[in-house]
Amino acid sequence: MKTTLILWFYLLLPLSLLNFTFTINIVTSQCLGHQQSLLLHLKNGLIFNPAKSKKLIHWNHTGDCCQWKGVACSTKGNVIALDISHEFITGGNLTSLFKLQYLQNLNLAYNEFHFGINSEFKNLKNLRYLNLSNAGFMGQIPTKISHLSNLETLDLSTTFTSSSQHGLKLEKPNIVEFVQNFTRIKELYLDGVAISAKGEEWCHAVSSLQSLQVLSMSSSNLSGPLDPSLTKLQSLSVLQLDHNNLSSPVPDYFGNLSGLNTLQLRSCGLSGVFPKNILQLPSLQVLDVSDNQGLHGSLPNFPNQASLSHLNLSHTNFSGPIPDTIGNLKHFSTLDLSNCQFNGTLPNSISNLAQLVYLDLSFNNLTGPLPSFNRSKALRSLLLNHNYLKGPLPSTHFEGLINLVSIDLGDNSLDGRVPSSLFNLPSLQLLSLSNNRFDGQLDEFPNSSFSLIGMLDLSGNSLQGRIPLSIFQLKRLTFLELSTNMFNGTIQLSMIQGLQKLTTLDLSHNNLSVVASAIDDNGLPFPKLQNLWLASCKLGTFPSFLRNQTTLLYLDLSNNQIEGIIPNWIWRFEFLTSLNLSHNFLTNLEGLFQNLSSNLFYLDLHENQLQGPAPIFAKNIVSLDYSNNRFSSIITPAGNIGNSIPGAISIFLSDNSFHGKIDESICNISTLRVLDLSHNDFVGKIPECLTGRRSSSLKLLSLAGNNLNGQISDTFSTSCALRFLDLNGNLLKGSVPKSLANCQNLQVLNVGNNQLMDEFPCFLKKIYTISVLVLRSNKFYGQIGCSNVIGNWERLQIVDVADNNFSGTLPTTLFQSWKALMSDEDISRFDHLSFDIYDNKISSVNFAAITTILTKTSKMKLAKIVAVEPLFVVDHLLSHVYGEVTSLRRYEASVTIVIKGQKRKLEKILIAFTSLDFSSNHFEGPIPEEIMRFKALHALNLSHNAFSGHIPSTLGNMGNLESLDLSMNSLRGEIPNELASLSFLAIMNLSYNHLVGRIPTGTQIQSFEADSFIGNEGLCGPPLTQNCSDEGGQGLSQPPSSETTNSHSSSSIDWSLLSVELGFTFGFGIFIMPLILWKRWRLWYSKKVDDVLYKIVPQLDFVYERRGGKRYRSLRWKPY
């Protein structure tokens, strides 16, 4: 986080080294009459603003023209220098100017002439210095300018880009023809002139200027590569080529330019490794190669006599440690290494940079403690945010830094107490310590009312106790963020009324009770807020003072137990772009919604009790979340959702009561990246447009938990961008579409709990990015071997094919490519499986990154609305709003797994969590040894199959295993002792197999109940009650068959029952004898009885086993 003025000061600092003006010497000779007459004619012919003029306004007939401001004369009284820059000239006639034949220096810079450069400039043949920069000239530069062969300095630069209608062009003549006569030129400034020349052409042209010392051609449409002919410029001291598409490496021959003191190649598309010899040039003072993402390199050891004072490598791929020799750069004033890949600890020698003014090392991988900066007395900005710095923050590190304006140490791992002395730094205006590990109470600090602090961000720590009253006495405070701490107590918002400059307030996610009632009672004005976050502040109601906060941009009242109706006035704030009312008890939205000119870009109403029609009224919506409510339909002013929010990026409508068919107009939203319609009552087919070319931007599609039917359309386009596809829990039939293989970035595929009938989708092996594959509870069949398909699933971490009709043995070759499951490093990976919905990789959320995916209209509208805030504040606010889990920035995947018969929804899938479920199929044969190599596996379920053989002893290698279910198979032999070494094992089921012998002893094994071993006739020992004996003990057996009844001792006959018994015996014999005598009848009867019992007794389940080379099916009691 940077203050705009400070940042621009340091970015423009190198320009102070360049001579853009000339000195007008005052002479005592008297101006010649015709010279004075020409100057007065010039003045009268110009259109300028007299109120703002500092020179022309004073020219008149009474004075000596050689004494006029902006005029210098020779000893003979001829005008030789004229400076009418910054005179607010907007047009006029320059004819008189071209008659001043003795002019040597002419400066017309920073005016607005609004016409082309006159070819009559050729008449001023004595010109040595010509500055027409930013003077409003436009069009083609005339050929005759090149006739000014005495020029030593020519400045035609403009801050407009070459695509601007006001820019200058150099086409006819081209760059070669234009410079060929400038044999004496020393300084050439063509910034912003549209030259459009290739590397060899313009390099050869300027290399002919042997006297050239300064070459500045930024934003000139130049292309590369850089040509070695530039080495001819041995007098060159300044080279500025920023913002050109050079697309080439930085040539190491720049290191041979011994007089080079300034090299600026910012945003030039540079690539390759940056030559270290350039950084070690003794003469080099300024180096800026920032904003070249393809540029790599590292910092060399700096010599003692280095002159470097300004180094900017930000937004490149420079890496490695910061060398200890950086302390040798005694002249260092500006160091910007932000958004790179530097690592290691900050060297203590950085404390020796006594001249340091600006230090930005943010967004790197720096570790270790924070060094002291108390010797850098000139330091104004210290920006070390987004690193891995740790340790305490000693107050001595900042002693005596009376010039320090900005401190940003956010997003590190710093800990301990926040020193109160920081608040007493006399020049401090910005202090950000957010997202660290600071704890304890904040102490009160003296003289707070005299502090200059305007921005204070302490959010995302573990600060405790009450918020110091000193904070509410910081009169210049404009930005206050204290969210996500452990502050407690009651905050009266009337305390804020003394902070009249406050525009941003965030007290969210503490243990605070915020009371707003006293505001209306004291009659004092409340600050005009632009951003207000009061999430989890126990408000209970909408604060009434909000009705008058008409300047609000962002408002968050989520999780406040607010009940009832959302008031209509909240939609009518003219500038409101973000509104979060989620996690409350709201039931209705107060209308009317017609004719609302809402500027909302972000609207979050999820987790409420809203019912009835869901209104969509904000045309600029980028992210809409109505999930987890009771909405039943959608009403829009345009009649359909697609035309109502054409610029939407994410739409969440899950867990409502929406019904009917999915509105196909949603496919008209070309910017849509995330669509979640899961867990509603949608019916009909999945619209083909959701899988076709019209949805090529869609990255997440979740339609799970509806009543959709038909087949999945085989229309996934070659431009498919899907990362997450969830169709679980519908009525879909048919097969998995082959065109799904076009989704080459797919990470999660869930088609479970449908009626799909297909073979195993081997073609998906072509998608190497898949991490989660769920085919559960369908009618898939056949074997799962994919030997004929090239590809691998190196990232697979969750596979669920349970409850299908797969058969055969588990193919060992399929498992050999599942590298993620073999890794033993997953324990340290606590992040969640997620994807970035942006196409470009950005290190942080900021305005530039956000707007890359907005429509042009939305981008311009948002920029206009947020223009009231400084850009760095806008970046911070966007990070706050869009940096949440389910926001525009990232989407974290969820999936439901089954462990011990219980469904568990993983709302956020840890990258470290891994699971394999092959249960309830017809797999047979031994358990493959390849599975035992999955050291990262957490859950393994092979139950309800026909696996045979022994339990592999190598199971002990799976040290991270937490859940193991091998029940309902035909496994034999003893339980391997290695199983006792699985210290994380919390769930285990080996029941209903043919295991024998003593159950291994060990703390983990003994913690399981006997149910985990039931149905294994040969097992014994704890936790079973049956002890083992020398002859071999018996474990828990199958439920015993019915015992034979005792015969009656009496010989008497009950004749009343005789006829019934005879009839039953005769009838039973007729039915049962064929079952006994004929095998075909017996098998048919057994199958039908099993089927009936399976349907009416839920505790029964089929198990498949092989005996005598044949496969049999039988019923057994479920182990859960």
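**Rings and charges: a quick tour**

Okay, let's start with a charge and a ring: the charged end of Lys52 sits over the ring of Phe88, 5.1 Å from its centre. The rule there is NZ of Lys or CZ of Arg within 6 Å of the ring centre and within 35 degrees of the ring normal.

Housekeeping. This is a predicted model, where local features need pLDDT of at least 70, side-chain atom pairs count only at pLDDT 80 or more, and totals for chains, interfaces and linings use all residues. Residues are numbered from 1 along each chain as its sequence is written, and side-chain values use heavy atoms, with hydrogens and water left out.

Now, ring pairs. How many aromatic pairs does a search of the whole structure find? It's 27, taking rings of Phe, Tyr and Trp (its six-membered ring) with centres within 6.5 Å; planes under 30 degrees apart are stacked, over 60 edge-to-face, and the rest tilted.

Take Trp533 and Tyr554: the ring centres are 5.9 Å apart and the planes sit at 20°, so that's a stacked pair. Trp533 is in strand β35 (residues 531-533) and Tyr554 in strand β36 (residues 554-556), so the pair ties together parts 21 residues apart in sequence. Strands here are DSSP runs (E, at least two residues), numbered from the N terminus. Trp533 is buried at 3% relative accessible area, and Tyr554 is buried too, at 2%. Buried means under 20%, exposed over 50%, partly exposed in between (1.4 Å probe, protein chains only).

Next, Trp571 and Phe617: with centres 5.0 Å apart and planes at 70°, the pair is edge-to-face. Both of these residues are buried. There's also a cluster held together by ring pairs, with Phe760, Trp793, Trp818 and Phe947 among its members.

On to salt bridges, meaning a side-chain nitrogen of Lys or Arg within 4 Å of a carboxyl oxygen of Asp or Glu. The count is seven. One of them joins Arg266 and Asp291, with the closest N and O atoms 3.1 Å apart. Buried or partly exposed, what's Arg266? Buried, at 19%, while Asp291 is partly exposed at 28%. Arg266 and Asp291 also belong to a salt-bridge network with Asp288.

Then there's Asp443 with Arg417, closest N and O atoms 3.2 Å apart. The two sit in loops, 26 residues apart. Asp443 is partly exposed at 38%, and so is Arg417, at 44%.

Last one: Glu120 and Lys122 meet at 3.7 Å, N to O, and Glu120 is partly exposed at 30%.

Conventions
Helices (H or I, at least four residues) and strands (E, at least two) are DSSP runs, numbered from the N terminus.
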